[in-house]
Amino acid sequence: MSKTLIIAEKPSVARELAPLVGATQRRAGFLEGPDHLVSWAVGHLVGIAEPEEQDPAWAGRWTLDQLPILPPRFRLRVLPETADQFAVLRRLLTDERVTGVINATDAGREGELIFRRIYLMAECAKPVRRLWANDMTEEGLRKSLARLLPDAEKRNLGLASFARAEADWLVGMNYSRLFTVRTGGLVSVGRVQTPVLCLLTARRREIEQFVPQDFWTVEGVFTPGGKGRAAQGGVAAPDASPDATADASPDTTQDTPAPASDAPDSFPAVWHRPPELRETRVDSEDEASAIANACTGREGVVESVASKAGSQQPPLPFDLTTLQREANTRFGLSAKDTLTHAQALYETHKLITYPRTDSRHLTKELFAEILNHFRAIHHLYPDGTMLAVARIKSGKVKFPCVDDRKVTDHHAIIPTARKGDPARLSQPERQIYEMICRRFIAAFCAEARFATSTVTVKVGEHAFIARGKVFKEKGWLAVEPWRAAEDTPLPPLRKGAKLHTDDIRRVTRQTKAPAHYTDASLLAAMETAGKLVEDEELRQAMKERGLGTPATRAQVIETLLQRGYVGRHGKRIIASDRGMQVAEVIEALLPDVASPELTGTWEKALKDMEAGTATYPQFMHGIRESVWNGVHRIKRVGGRNLDRLLDTASERYARTPDGLCPLCGGEVRETPRGWACTGQPPAPSGKKRGKAANGDDGDGQDAARAKRGAKKTGAPNGGPDAAPNSEADGGTPPANGGRCPFILWRTSFGRELDEPTARELLATGRTAQAMDFTSRQGKPFRAHLVLKGGRLRPEFVPDGPRRATDGASAPQQPKENAQPADNAAPDTSNAAGTPGSLGASGSLGASGSLGTPGSLGTPGSLGASGTSGVTGEPDEPAEPGEPDTPGSADI
């Protein structure tokens, strides 16, 4: 009897699909029913073969003569860690009973790549249909199974996925090896990773080079006097909401005067420079003083009162990037954590639709069933849902969020039609779910309406201006109550009214440096990186995709963190010294790769390929030509010139050690995870070049390749930001990693240590001031930190515990601060399809019956050496008065 094979991307999805097709009998690696077999991948099962497997000439020691590495046809290899499951799928694909295949991997570019690689490697030629699901509820999956797409409809998407992955592999593999050989240390280069790193390094340089300048404003406080209180309409103070739009023309009829009880007795106004009355900044202290003196004690006169009606349109529903930005701003969640929780809401709880989307719009087909989604959340938000549902049922409103033309592979993230119970969710999941529900409701609510007013007050010849807003209808803002929607009225005024000048003062201000990036602002910069591109067509491509895609941006940030190129400092993401050095060298030698221009070019070509207006051969020919030219251009750079460039970058970002190691006396320097001993004695004065380490955005296979490459080149892994005990210096280190294992973890005893505290501990062995902590039982206490014998201990304050001020306790961590080294490279496995990665074991190659040119693997990570050679982090201490039992790693 013939059967149809369904291949899901992961076991959890296969378990959801199996009962819908009657596949309830468990088998080894699959489920079986009367008409269907249901099996699964585990992410990527097949990837690109290693360079030495592509061509023996690329085996052995990494050398310049091997470059460029441009395989004429990419060979596939089965990834060893998932070889058993691939064997299951190959057996099923070649089973005579199987007459057709359903591709049920994630509905996107990377899911397409996962399936087609498996299909090609298994040398299957059976007909394929595509399951394209936005909703993981039972009803949503049944609908998708009933509307399977022909494989040809997604063939171009498959071609684009191969092209993207193969191009990332070529860029990462060639440039990362090239810089590693030329610099003597492991350097990672990637199409997306590198320009994102350059955004962060440029921001750090801008902040470090910023010189604050003083400037002044002149500000006054005015009170209506006598008959000057005649009503002229409510006037309000400035509103900082970014979505506000004064979209209406001036209102010639004044608004109803605000009741006296709502109007303030006085209001502030700021001096504006004539004649345009736009600039408030005064660059001279003497000029500011002269203005203030000229106005002090003088009566003010209302010269004009202007009123406009304005509105604030409801926002569109979330796509993944806007969800990540909002979650970081409101709750401090990283982009990675937000994606993890959203994925759980989608796959496990089935409460939201597909989260890895780049669309903020809905289809007309979905809109026809939208009331089902509102019914599912009505018990949670009854007032808001009734407002939205009333507008929908009226049939008179056209909603901007419903637009088929603006829906890409998936529509916006919205709640499913499944009724949710927030009590069953973790706190972060509840927070994400509430954000999605409230934004969904807000998108169908009425606009917020307000009146803005501008009052110009003349004091002698000087003009002071007050602006403000009074809300008439809060509309959708009532659904998202955390947004600024407060009335800030001014007293009712009319032209010619006399005002008492209560206060006129000169205010000293100072220009501020731009803020360091957070997850929210960095995601915004990645999303809008097209503003850095001059070409209009490329800017449009970047507008739609930016640097990376919504599904990969979180992993790009995490990869930079894992490589040690950037570090987290609270919510801030700051480029490390190592990252600064690497970016400066790459920007000097590969400016195209360091800028978003390349990403814009590629994204436009890939989107054209998906649309069928560009071909795979054309795209890959351009990539190969670009890599060939770039490699030969850098190979021609003289050794002395390159050394000079490296020395300049190293010296510019060299920093003094943070202290000396209490165990061996060596230098202690800051790393992404804390302050670690470099295992080197204090250096005499003189130049010392820091080497950059680690690989690119990709899967964990390249960690091993990086170690082999490092051993072959004999490159040290030093530098001011180098992590201790890295294997990049070649060979398997002896016990304790061959160097001192001392480290002060950045997160210790439930709170984050800052640089001054770390330096104080290294210098004196004890913090002078007691600090607030939280135990693992959640109890607050106060203690000094004491560093003795290489171990960090709390010294409890005798007057007893006090409520901690710095939040909840940290996750439990293995005991002790100084621990023996574990030199296994960290897991650098990449989310499927993270662009910009080097050395992925992905694979591309064989053209197959699906019409695909072959398959290219996950962009891998070049040379990811271990970023931290010390395992374990300090646990929270015992309760005050209890013994602190030494851990197994005591020194």
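Is Phe471 buried or exposed in this predicted model? At 7% relative accessibility, Phe471 counts as buried, where buried means under 20% relative accessible area, exposed over 50% and partly exposed in between (1.4 Å probe, protein chains only). In this predicted model, local features need pLDDT of at least 70 and side-chain atom pairs count only at pLDDT 80 or more, while totals for chains, interfaces and linings use all residues. Residues are numbered from 1 along each chain as its sequence is written, and side-chain values use heavy atoms, with hydrogens and water left out.

**View A. Phe440 and Phe444 form an edge-to-face pair.** Their ring centres are 5.6 Å apart and their planes lie at 75 degrees. Rings of Phe, Tyr and Trp (its six-membered ring) pair if their centres lie within 6.5 Å; planes under 30 degrees apart count as stacked, over 60 as edge-to-face and the rest as tilted. Phe440 is buried at 0% relative accessibility, and Phe444 is buried with a relative accessible area of 0%.

**View B. Phe450 and Phe471 form an edge-to-face aromatic pair.** The centres are 5.7 Å apart, with 70 degrees between the planes. Phe450, buried at 3% relative accessibility, lies in strand S14 (residues 448-459), and Phe471 lies in strand S15 (residues 462-473), so the pair ties together parts that are 21 residues apart in sequence. Strands (E, at least two residues) and helices (H or I, at least four) are DSSP runs, numbered from the N terminus.
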